[in-house]
2 protein chains.
Amino acid sequence: MAEYTISFDNDRSISVPSGTLLTEAAVQAGVLISQPCGGQGRCGRCAVKVLNGGVRRRSTLRLSDEDVAAGYALACQTVVEGDAQIIVPDQDTLDRTLTTDRTAVSVLVPAGYDVKRDQSIQRFHLTLSPPTMDDQRDDWSRLQTAVSQQTDLPQLAISLPVLRQIGPVLRQGDWQVTAVVALEEHAARLINLLPGHVPDDTSFYGLAVDIGTTTVSVWLVELGSGEVIAQTAEYNRQIRCGEDVISRVIYASKNSGQAELRRLVLESINTLTERVMQKAGSERQVASEQVVKATIVGNSIMMHLLLGIPAESIRLSPFVTAVNHLPPFTAQEIGLGIHPEAEVLCLPGVASYVGADITAGVLSSGLDDAPEVSLFMDVGTNGEIVLGCRDWLVTCACSAGPAFEGGGVRDGMRATRGAIEAVWIDGRTYEPTLRVIGKSKPRGLCGSGLISLLAEMFLTGVVDKGGHLNEHLPTERMRQSDSGPEYVIAWADETWHGRDIAITHVDIDNLIRAKGAVYAGIFVLADSVGVPLETAEQVLIGGSFGKYINVENGIQIGLLPDMPWENFKFLGNTAVLGAYYALLSQTAQQRIGEIAGRMTYIELSADNSFYEAFTSALFLPHTDLSRFPSVATQVEDANLTVTDS
Amino acid sequence: MAEYTISFDNDRSISVPSGTLLTEAAVQAGVLISQPCGGQGRCGRCAVKVLNGGVRRRSTLRLSDEDVAAGYALACQTVVEGDAQIIVPDQDTLDRTLTTDRTAVSVLVPAGYDVKRDQSIQRFHLTLSPPTMDDQRDDWSRLQTAVSQQTDLPQLAISLPVLRQIGPVLRQGDWQVTAVVALEEHAARLINLLPGHVPDDTSFYGLAVDIGTTTVSVWLVELGSGEVIAQTAEYNRQIRCGEDVISRVIYASKNSGQAELRRLVLESINTLTERVMQKAGSERQVASEQVVKATIVGNSIMMHLLLGIPAESIRLSPFVTAVNHLPPFTAQEIGLGIHPEAEVLCLPGVASYVGADITAGVLSSGLDDAPEVSLFMDVGTNGEIVLGCRDWLVTCACSAGPAFEGGGVRDGMRATRGAIEAVWIDGRTYEPTLRVIGKSKPRGLCGSGLISLLAEMFLTGVVDKGGHLNEHLPTERMRQSDSGPEYVIAWADETWHGRDIAITHVDIDNLIRAKGAVYAGIFVLADSVGVPLETAEQVLIGGSFGKYINVENGIQIGLLPDMPWENFKFLGNTAVLGAYYALLSQTAQQRIGEIAGRMTYIELSADNSFYEAFTSALFLPHTDLSRFPSVATQVEDANLTVTDS
């Protein structure tokens, strides 16, 4: 087959066969081209400029004729048919430092934590009788006997790598050794054998890991005291292969996509692990061999991708996972850079779109143990919702789309430096005031900024309850664009990139659909158990995004139910907190298993009442204003104020 | 550090730092130098000629002053101190074909073998209900439910690699699949999932493997019928690192010796596995993925070396193994070239010098189930002996040394082409008649040949009962050498290599010590349980060497107890036969575990009565002729005959 030379940015070049996709050629040349939609040609973010034309565009969706005439092509939809020179435009890069700071959580060790009683990792100081000519039992029997004399464990399992160590270690320790044992469901496993009696003040560590679609968080925990030694987070490195879970599943189904996604998330976890070990400080000197346990949570797709298990069935009807309840693994099996024999517990999920992040979140929120009915929400790309109490639990997932994470909105972006996170609009001049993350000129709007903006626009009449922009508003900020009316939030000379930041009719539509899906999910869930939403005594909001929602704004647009503000509790990253509890306590771990088993999952896409509820929720705040009495009052007040002026 | 160039046979050269051993330089240059004693400088077999002198000899044991003057050096004891040219003399190479033929065994499937009842590998044809929007259970739960509906297995375990396959396979088979499950002690494990209902006449296979110190044997078995499809054997490739187990343990303790020995034995097993699959023929087309089980036996040191477990403690007092009873492994963990998830059972041993080859041998001999007392012997470098019946079992190991395998005897060799395997001496002329293996001129004497020779020499008065050569014998075959008297068995012009083949006083001494150790072991074992040796109703002789011992000769020299010939049964390779039974039947496998648990091990080196018995046995046939009444009669007859002439 003919081979052609493709050069990128006049810098790197590569020879590839005819028919190769530009994105594949870029990978081979070591050039990074983001594919937020997973290479489906949907998002247009992989657009590149082709300086001369040895290529064929299979699709030009999201490119105008002018773009194509100017040489632009979607790298994921364009194949090589001759030599070509490619220019890759600047793409958004991720600001990791800010993300890390925004997800930091301060936690306390659970009251009464007792390592001997609660922890699955136990150490035993053993003193063995040395072998003699009259007692020639083999080392492993001798060791098993010594352990069984201290505790009534089930039969001790051992892997080949550990079996290789026991003879030399027993002799090195002169028959005094420390056995590190993992207690698993029906078994106990020797993780490590150390010479001598390792003093109790020598630490063993564990990791609590949350694999978010956007952000991966890792906590380093000292297992003896339960103390959180260090926390860190960074963007999930899989982002470059797709911003949402569906894009990643599609990416995984191509060629070596599965292996690459696995490698990328392991890279994220292992980098963060190194970072928490460094953060632990020079005094502690935490070595990876001392990290003997990890608990991992994440949505079901993240878990499948971590383990290299095909996730295709999650994407397609009838939406089933390969596995919800995973057996314990070793760090080596998974590829974590800690002690190779470390016990790794991937906590259980419930369904394709209600994963271990939610079961762990419910545990850490305490919902499953509360006498009163509570609502638990984790709002991100998917809004997972749980309603229940200690007697019953129902859950559903509503596909909110990426609007709240800055996707599907023209000037949307993630909550990093330069993101507008809050907006106030003057009801008379329609001039906005902005709050921007990180002392920067504005670059776009993040989720909380969009919610804030939508609420303000609604209250000031910039949009009506149907979400239509008031095109006759007496301000130059309201203008017509190619795609209809838009409202300008920041003028080019105020922004970081020198372009206007505006919100369009399409953006508003996407936002309303997103908030409508979440609210409809809540409604259907309550309806399914015949419990009026008002009986929920508290609303527990998890997830790192949830932390930044302004409750008032959330209620104003009809995303959150209209309840007294004090009933809302923002719990931060409930998923990693649940993983942390499971890391410390076998009881907590079992409780997460019970939560997964107890939850009744409602599949919204199979539920006709959902579509009805969704349609009713496609208004600001809702078709039925009686559901939002506080907002009804505000709207009246606002109208009065405007009329007054 | 200075680097020097070492060339081998003017052919390959390598640059190594000062101080490198010649054997190490040879390895790096890809030149094979056998080290039968494991590089201890004991055997002299690694002697090489140094053409110019940039070397230092640390030891010249086994080399004469003349040898050294002629440039010879022991490669394992000589370090590089300058450039050097090395000539590697021809060393014995192994004739594999012949060995294979000699260990072939014909076996029948045990009567009443029922794969459904006996086999640990079971296949289940499953028909699952496909997931729907109303039944969104995950694939793995669905599969577990389907299996549990067919059988009451314990909870099914699964590895990550298999977990990765189940989703695609379930869909490929349209929810009809075949599950291949291994039933282990307290668990069941999904080994493989295949799309569709694999018909019962599609075969799964297993391997029975015996790792002898000298020979590795592999049988390919069809698990459904129990039929042995193919058998093969070759020299254990570890031989180049030491001929006996002790040399190998020493080799393993050096640098990368452990890894190299492991690699070599795996190379042997995997080569043999390929060969049995080829032998299965083109009609069957056995693929490695169809081989889903293996049972492995071998002496304790072979087992440790296979698994990469340090064996040093076996060599040193108080002689203990790291592990006798091994957990089940997968083929991948061990490194076998069959289905990576195949169940691999390393059968249990009893002690450092009574390994799984003996427990499996006892099973296949039927000794443990017999009402009458029997004696089981596996004579090789170590003579393992078991005495007992269905009510009790005692065992010991006597270090016979390598004499019976052709080691420690100047013209000794293994039982390959050119080995003298039987000798008859004319009592009047003292002229010998020889039987040689493989239609060849004689090259040396193998174990059975040595036993035959010693018996003949004793009966014809060439040696007396003390093992002293009769220096006044009227034949030119009796002559003086540098190391004392010797008897010439073949003249240079009759031999393969053009050198005389003779037996020396030292050789005879070694042989008598070897047979004395075995007999003393038998005696002490009987004595330890207070059972006179005569009550043993049969003598079961295992091991591929045992097969070729002439009973009459064995009794004549006092190696075997003086019992009617019909009481002796030669069982061939009882070890691999035991492995084969365990491969087919869980009951047989458990019975081997019970045998290992039931056997009382007598440590001879801690037993004073052994030394006394050994000293008494250092005569032909024994100091106490009343123990060998048949031999006493023969000696009288022989003397009469000689006197007559």
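A salt bridge is a side-chain nitrogen of Lys or Arg within 4 Å of a carboxyl oxygen of Asp or Glu. By this rule, the count over all chains comes to 44 salt bridges. The structure is a predicted model, in which local features need pLDDT of at least 70 and side-chain atom pairs count only at pLDDT 80 or more, while totals for chains, interfaces and linings use all residues. Residues are numbered from 1 along each chain as its sequence is written, chains are lettered from A and ligands numbered from 1 in the order in which they are written, and side-chain values use heavy atoms, with hydrogens and water left out.

**Relation of the two chains**

- A rotation of 180 degrees with 0.0 Å of shift along its axis superposes chain B on chain A, with an RMSD of 0.1 Å; copies are superposed by least squares on the C-alpha atoms of residues with pLDDT of at least 70 in both.
- The two copies are thus related as by a two-fold rotation axis.
- In chain B, the C-alpha of H186(B) is the nearest to the axis, at 5.0 Å.

**Interface between chain B and chain A**

- Contact (heavy atoms within 4.5 Å) links 40 residues of chain B with 40 residues of chain A.
- The copies meet through the same surface, because 100% of the interface residues of chain B are also interface residues in chain A.
- The buried area, which is the accessible area (1.4 Å probe) that two parts lose on being put together, summed over both, is about 3100 Å² between chain B and chain A, and carbon and sulfur atoms give 62% of it.
- Between chain B and chain A the count of salt bridges is zero.
- There are 14 residue pairs in polar contact between chain B and chain A, both residues being at pLDDT 80 or more; a polar contact is a pair of N or O atoms within 3.5 Å, where within protein one must be able to donate a hydrogen and the other to accept it, and residues adjacent in sequence count only if both atoms are side-chain atoms.
- Helix 6 of chain B gives the most to the side of chain B that touches chain A, with six residues.

**Helices and strands**

- Helices (H or I, at least four residues) and strands (E, at least two) are DSSP runs, numbered from the N terminus.
- All eight residues of helix 9 (residues 300-307) of chain A are buried, where buried means under 20% relative accessible area, exposed over 50%, and partly exposed in between (1.4 Å probe, protein chains only).
- Just after helix 9 of chain A, G308(A) takes a positive phi of about 70 degrees.
- Strands pair if DSSP finds at least two bridges between them; strand 10 (residues 176-184) of chain B runs antiparallel to strand 11 of chain B, joined by eight bridges.
- Strand 10 and strand 11 of chain B form a hairpin with two residues between them.
- Strand 9 (residues 156-158) of chain B runs parallel to strand 11 (residues 187-195) of chain B, joined by three bridges.

**Salt bridges in chain A**

- R410(A) and E486(A) meet in a salt bridge (3.2 Å, N to O).
- R410(A) lies in the loop between strand 20 (393-399) and strand 21 (419-425) of chain A and E486(A) in strand 25 (residues 484-490) of chain A, so the pair ties together parts that are 76 residues apart in sequence.
- R410(A) is partly exposed, at 47% relative accessible area, whereas E486(A) is buried, at 3%.
- E234(A) forms a salt bridge with R237(A), with the closest N and O atoms 2.7 Å apart.
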